[in-house]
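Dear colleague,

Please find below the sequence and the structure that I am handing over to you. My notes on the findings follow directly after them.

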Amino acid sequence: MTKLTLSKLETRLMAAADILRGKMDPTEYKTYIFGMLFLKRLNDQFVAKRNSLIAENAKSSLSDALKAQRLERPESYAPQFFVPEIARWSFESKGGVKSGILYATEDMGTVLNKALAAIENANNDQLSGVLTGPIDFNKTGGNDKKRLMDDQKLRDLIAEFDKLELQDDNLDFPDVLGAAYEYLIKFFADSAGKKGGEFYTPSEVVRLLVQILEPVERMTIYDPTVGSGGMLIQAANYVEEKGGNKDTLFLAGQEDNSATWAVCKMNMILHGIVNSDIRNGDTLKEPLHLSSNGGLKTFDRVLANPPFSMKAPGESEVQLSGRFDVFIPKGSKKADFMFLQHMVASLNERGKAAVIMPHGVLFRGSQEKEYRKVLLSKGYLEAVIGLPMGLFYGTGIPASVLVINKQDASKRKSVLFINADRDFKEGKNQNSLRPEDIEKISNVFNNRIEQPGYSRVVTYDELAAEDYNLNIRRYVDNTPPPERQDVRAHINGGIPQIEIDELQTGELKHYPGLVELFVKKDKSGYQKFTDLAKDKESIKAAIDSFSGIQHIEDKYKTALESWFIKAAIKIDGIAKQGKSSAFELRRKFSVELLTTLKSLKVLDEFQILGSYADFSKVITDDLASIAAGGYDSRLVPDDEILITTRPDILEKTREMSSRITDLETIFQELKEAEEDDIEPRDSGALPKALLDELKETKKDLEKSLKVVKKAKDTAKMASIQERLNELVPQLDRHLALERELKELKKNIKEFNLSKEKLIEELRANVTPEQARENVLKRWKVILVDAYFLRLRVVKNIAEKSIINLQSKYSITLKELEESRNHESKKLTQLLKELGYE
């Protein structure tokens with residue numbers, strides 16, 4: 001059997017989500033998908049271990065009774081989970097009858113609930129409250145209190161998960177399940193929109209916090225608002241990427257929402273985190289990670305994204321109030337600084353924290369101002385970092401990162417301010433940090449670099465003089481300077497030489513000779529535009545054909561392809577060497593590419609590292625597969641197997657999918673139409689109001705026709721039949737579209753099943769050499785595209801600068817006045833002709 005790859009697992013999980021989608025909100029059904037994945041994983045691991053025990057029993061001299069007892073003892077399966085018979089996916093009873101969850105036919109919610117309860121009871125030390133509290137397959141909703149998932153839907157869900165074999169031996173690489181779980185968490189966060197922020201922080205922001213904190217082996221790491229656990233997981237992955245052993249870490253977290261807490265617990269288990277302590281409860285009211293003397297447990301690293309401006313609890317509601325130097329509710333009633341104070345109290349004497357906060361904490365008065373004084377007086381505040389707007393689910397406001405560092409705090413006399421709010425990738429619904437933005441922020445922070453308009457080291461004395469206001473723009477104003485406007489050029493024409501010189505040393509510095517395409521000598525201190533600068537389209541066309549652009553692209557492509565030839569040999573060398581070899585190779589590649597490309601000078605250090613990060617993100621799973629099992633047919637994507645062997649199959653799938661999309665769009669438009677809309681569409685589809693009216697009219701006419709037929713009234717029969725002949729084709733066209741959509745969905749489902757089987761048959765013929773060729777060919781394209789994306793950004797900046805220059809100075813004030821006077825004369829003449837003198 002071909003091993004389960006991440007892409008195949010993701011496809012299956014999306015198919016499972018599709019079964020529930022539409023009936024429930026993503027924040028509701030995510031727990032059921034996570035629960036089913038967890039249940040199937042535990043079952044498959046249990047079966048693998050049970051088969052191993054049976055094989056051992058066959059060689060043992062123990063009595064049959066002792067062998068049977070051994071198979072049913074939970075300790076025989078440690079450190080894996082024991083699955084009681086009532087919770088097993090499938091098994092044969094003594095009479096040869098097939099039993100288990102897979103073969104249940106009715107009361108499916110109860111069957112699954114009992115299975116979860118049995119697993120939890122059998123493994124109570126690790127799973128207490130994880131499965132039975134948050135997950136209820138009999139949950140009801142709505143005014144009628146109907147079950148959210150009927151038996152058929154649950155049977156479909158079970159059938160979908162039955163297609164997955166989740167034991168270790170069938171996984172493409174060890175952390176396939178963990179990677180798929182992260183994929184699901186992001187999918188549900190995206191689907192949930194605003195509510196997604198309750199359990200998920202965008203991975204790019206988490207990566208920034210982790211790179212700032214730089215965790216290493218044997219550290220203790222804590223997240224007091226842990227959500228689904230992404231920050232702790234990324235911290236562990238970072239340690240592994242740097243060559244450390246993540247199993248030496250101790251990860252702790254607390255989450256108030258019980259369903260999200262359960263997701264986090266499962267996340268840790270599926271990621272193979274062996275040393276974690278995730279608690280369920282309100283961190284501010286009752287912190288649950290305590291030391292042996294009853295005080296707060298302290299950690300080496302703390303990172304968190306607490307809920308913004310949550311209402312703070314009252315003093316009487318809070319335990320261990322000594323952790324708060326300043327009790328915030330007396331003033332602002334916002335809990336932001338209460339979370340921060342808890343985190344500061346949770347750091348050991350060498351501890352370091354990075355926490356996301358709204359900008360309000362930087363300048364609000366009252367108790368929050370008093371606590372800013374405390375942070376500075378103790379030397380704890382190391383940095384304040386401003387982030388772009390729109391990064392987070394649920395809010396478009398910009399946020400900040402406060403970095404707290406207790407090590408050498410008594411010697412600290414300044415704070416590093418970084419204003420990074422202008423560096424991001426703009427998205428339709430949500431913005432994101434680019435890899436180069438993360439690299440730049442972390443590099444400036446770690447090396448305490450001062451850069452005008454971006455970062456500055458500010459002394460505590462200056463902050464005190466500013467009344468402890470930490471508003472970032474007070475210290476690092478990144479507002480662009482006002483654009484030059486040459487009044488003489490606007491009036492008399494010409495392009496100021498000083499602005500041309502600035503472009504040549506700025507936006508156009510990588511393209512010598514480019515500006516000369518668009519300007520030529522004129523009077524002293526000024527030049528004039530050439531014909532190539534007559535409009536925006538002409539400028540773009542001239543830049544696209546400029547040889548200097550192509551020359552730069554050729555240099556980068558040559559350098560990248562030359563590097564990749566050597567890299568391919570190193571990739572071959574990690575085959576079957578284990579995941580540590582893949583991590584080490586990725587680190588080497590990063591250094592090599594930076595060294596190789598820095599000398600070309602067009603892309604800066606952060607763009608080079610950002611491009612590599614994009615490339616590395618795409619190839620990571622394939623690289624892990626190669627490190628685990630070498631080159632194999634599983635590395636070749638399904639579509640590429642079909643493209644090379646059966647392109648007709650792929651084309652048929654696309655045709656059916658395209659037609660389904662067209663029909664669904666038609667019916668969605670009808671669904672969104674006004675209630676009184678009775679206009680038929682060109683497609684033949686009918687709005688609901690008209691459809692209902694025609695159905696009712698047809699029913700009435702058919703009744704009338706029966707009556708007049710009995711009366712043998714020929715004239716009336718002909719009249720009714722004529723009306724039916726007009727009406728029925730309209731109805732038939734609409735109903736035919738409905739039948740077509742239903743049939744297409746059925747066909748594509750059956751077709752995809754047969755396609756999967758065909759692909760597996762074709763995959764068996766792919767040799768390791770062909771798999772290697774496919775992988776390296778794809779990777780080279782991805783590599784070049786990642787860097788060319790940044791080169792296009794540099795080119796676009798140059799293009800915009802020339803277009804801006806042309807828009808400023810291509811028309812003079814004199815020309816505008818002449819145009820105005822000409823139009824004024826035309827208007828006067830028109831008014832005269834109309835009789836308005």
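**Overall architecture**

The chain contains 27 helices and 16 strands. Please bear in mind throughout that this is a predicted model. The C-alpha trace spans about 105 × 100 × 65 Å along its principal axes. Of the 837 residues in the chain, 47% are buried. Among contacts with a separation of 6 or more, 74% are made by residues 24 or more positions apart.

The accessible surface of the chain amounts to about 41,800 Å², and carbon and sulfur atoms contribute 50% of that area. As for charge, the chain carries 125 positive and 130 negative charges, whose mean positions lie 1 Å apart.

**The nine-stranded sheet**

An open sheet is formed by nine strands in the order S7-S6-S5-S8-S9-S11-S10-S12-S13, with mixed pairing. Its edges are strand S7 (276-280) and strand S13 (455-459); each has a single partner strand, so one side of each is left without a neighbour in the sheet. From one strand to the next, the twist averages 15°.

Within this sheet, strand S10 (residues 381-386) pairs with strand S12 (residues 414-419) in the parallel sense, over four bridges. In this pairing, Ala383 stands opposite Leu416 in S12.

Helix H9 (residues 230-241) lies across several of the strands, namely S5 (220-223), S6 (250-255), S7, S8 (299-304) and S9 (347-358). The helix runs at about 155° to S5.

**The three-stranded sheet**

An open sheet of three strands has the order S14-S16-S15, and its pairing is antiparallel. Here strand S14 (495-496) and strand S15 (519-521) stand at the edges; since each has a single partner strand, one side of each is left without a neighbour in the sheet. S14 is joined to strand S16 (residues 526-529) by two bridges, the two strands running antiparallel. Ile495 has Gln527 in S16 as its bridge partner.

**The loop between S8 and H11**

Two residues deserve a note in the loop between S8 and helix H11 (336-345). One of them is Ser316, which is found in this loop. Is Ser316 buried or exposed? Its relative accessible area is 77%, and because exposed means over 50%, Ser316 counts as exposed. Ser316 and Lys285 are 31 residues apart in sequence, and their C-alpha atoms are 9.2 Å apart in space.

Ser309 is found in the loop between S8 and H11 as well. Although Ser309 is not a glycine, its phi is positive, at about 50°. With a relative accessibility of 31%, Ser309 counts as partly exposed.

**Further backbone features**

A positive phi is also found at Asp408, where the value is about 55° although the residue is not a glycine. Asp408 is placed in the loop between strand S11 (399-405) and S12. Its relative accessibility is 46%, so Asp408 counts as partly exposed.

Where does the chain have a cis peptide bond with an omega of about 5°? The bond in question joins Ala78 and Pro79. Pro79 has its place in the loop between helix H3 (64-71) and strand S1 (91-92).

With kind regards

Note on methods:
Residues are numbered from 1 along each chain as its sequence is written. This is a predicted model: local features need pLDDT of at least 70, side-chain atom pairs count only at pLDDT 80 or more; totals for chains, interfaces and linings use all residues. Side-chain values use heavy atoms; hydrogens and water are left out. Two strands pair if DSSP finds at least two bridges between them. Axes are lines fitted to C-alpha atoms, for helices over the stretch in contact, and angles run from 0 to 180 degrees between N-to-C directions. Contact means heavy atoms within 4.5 Å. Buried means under 20% relative accessible area, exposed over 50%, partly exposed in between (1.4 Å probe, protein chains only). Accessible areas come from the Shrake-Rupley method with a 1.4 Å probe; for residues, only the protein chains shown count as cover. Lys and Arg count as positive and Asp and Glu as negative; His and the chain ends are not counted. The place of a charge is taken as NZ of Lys, CZ of Arg, CG of Asp or CD of Glu.
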